[in-house]
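Have a look at the sequence and fold first.

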Amino acid sequence: MAGHERHLFSPCICDSMRLLRSLFVPCVCLSLVLTLVLLLLLLGIRMWMQGRRRARRARNGRPAVAFFHPYCNAGGGGERVLWSSLRALMNRYPSVSFAVYTGDQGVTGEQILQRARQRFNITLPRPITFIFLRHRSLVEAAYYPHFTLLGQSAGSMFLGCEALMTFVPDLYVDSMGYAFTLPIFRYLGGCKVASYVHYPTVSTDMLSLVRERIPRFNNADFISRNTLLSAVKVVYYGCFGLLYGLAGSCSDVIMVNSTWTLRHILSLWRSPSRTSIVYPPCDVRAFLDVPLEKKKEEEVEEGWEELGRELTGEEEGAGDRKCHAIVSVGQFRPEKNHRLQIRAFSKLLDRKKEETGGRESLRLVLIGGCRNQEDEKRVLMLRRLCQELDVADRVDFKLNVPFEELKRELEEATIGLHTMWNEHFGIGEHLKKTSRI
């Protein structure tokens, strides 16, 4: 009986092998045909894009440089780099036209420029073209509760295609960290491409956090507590890092903002000959007129008042006490860790509450920009945290403030505070230079 079954089973295996052999050649041919069709399609798109660029050059008579910055109206440190770069390039290359791809809706180009003047005290020397993109939501983190990095990167490729279809530049600059748009503009658009990297999308430090199962804003507690999920995330980060490196290596010129970023980009993109450090603008000229001597005079006056209290036996808290401002400057994003600042400030107030007027002598000022509805929700959560810790009366939120107000707050500050893990942008150094410590 068993021999009869083996006898029946052998022809089945032979028939299956013959079927696979008969399908192999057609499948290979079909794959080659589909690959050829895809290559021809991509070549056709590239030639069409080059034709559009030549037609634009014929109309305008000058080359065009376009910056990809979907949140150019946000008012953060990355936007300062954008407007400073545009101002410098416009002054250096008067015969070149400039454009900005932006996803901001409900505003005009003039309103965006006006906001840049108010926030950064930067005025462009000549007009600029804004290309308004309609599908910025594709790069919003809220759309991708899981596999966020992969989802946002895929979304940026679709947004990049929309940008390329709308306007074909001669030089494309990604100034916001969307590396997966680089191969689209290089290979489909036939453009020269450059990138300015503020912070790598994935880094070896992020991998270390996952391996060591340390919870962070980008490593949820339920993942860090689970060995299997942590292992899967390590593999996910590793594969994503490989793709990220391939996309970034398409850049003809790579600029990074610090030695910290340089180290990570070199390990991921592996293009040392094309990578340079371009430090972010930290313009302190507007703060040179801060009357620092005034603080010395105040210190002398406080010394005389303290001596008078000792002679008269008056308590230190009886008179008016100076209010010391602790100022934090940074966009309201998870990595800035404003929650830690509020909790630390609450502990400080607990220590000072035993002193007469101690609580009233301190205030925490959180200054930052809100890019979208997600950031606004984050601010509401921070306000609720202040209420829970009973510090709401000593914490001020300053959202999207103009440059003059920012300058005034820094002038009056006693302490500059920044709590971002792996801080890379020089904000702490900027606060040190501009605050009256």
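A disulfide here is a pair of cysteine sulfur atoms within 2.5 Å. By that rule, the count is zero disulfides. Take Cys27: its nearest cysteine sulfur belongs to Cys29 and sits 9.3 Å away, and Cys27 is in no disulfide.

A word on where this comes from: it's a predicted model, so local features need pLDDT of at least 70, side-chain atom pairs count only at pLDDT 80 or more, and totals for chains, interfaces and linings use all residues. Residues are numbered from 1 along each chain as its sequence is written, and side-chain values use heavy atoms, with hydrogens and water left out.

Cys27 is partly exposed at 45%, while Cys250 is buried at 8%.

Now the helix. Helices (H or I, at least four residues) and strands (E, at least two) are DSSP runs, numbered from the N terminus. H4 covers residues 148-166, 19 residues in total, and reaches 27 Å from first C-alpha to last. That is close to the expected 27 Å, which is 1.5 Å times one less than the number of residues. Among the buried residues of H4 are Leu149, Ser156, Leu159 and Ala163.

On to the strands, which pair if DSSP finds at least two bridges between them.

| Strands | Sense | Bridges |
|---|---|---|
| E8 (residues 324-329) and E9 (residues 362-368) | parallel | six bridges |
| E8 and E11 (residues 413-417) | parallel | four bridges |

His324 has Leu362 as its bridge partner in E9, and Val327 has Gly416 in E11.

Definitions and conventions:
Buried means under 20% relative accessible area, exposed over 50%, partly exposed in between (1.4 Å probe, protein chains only).
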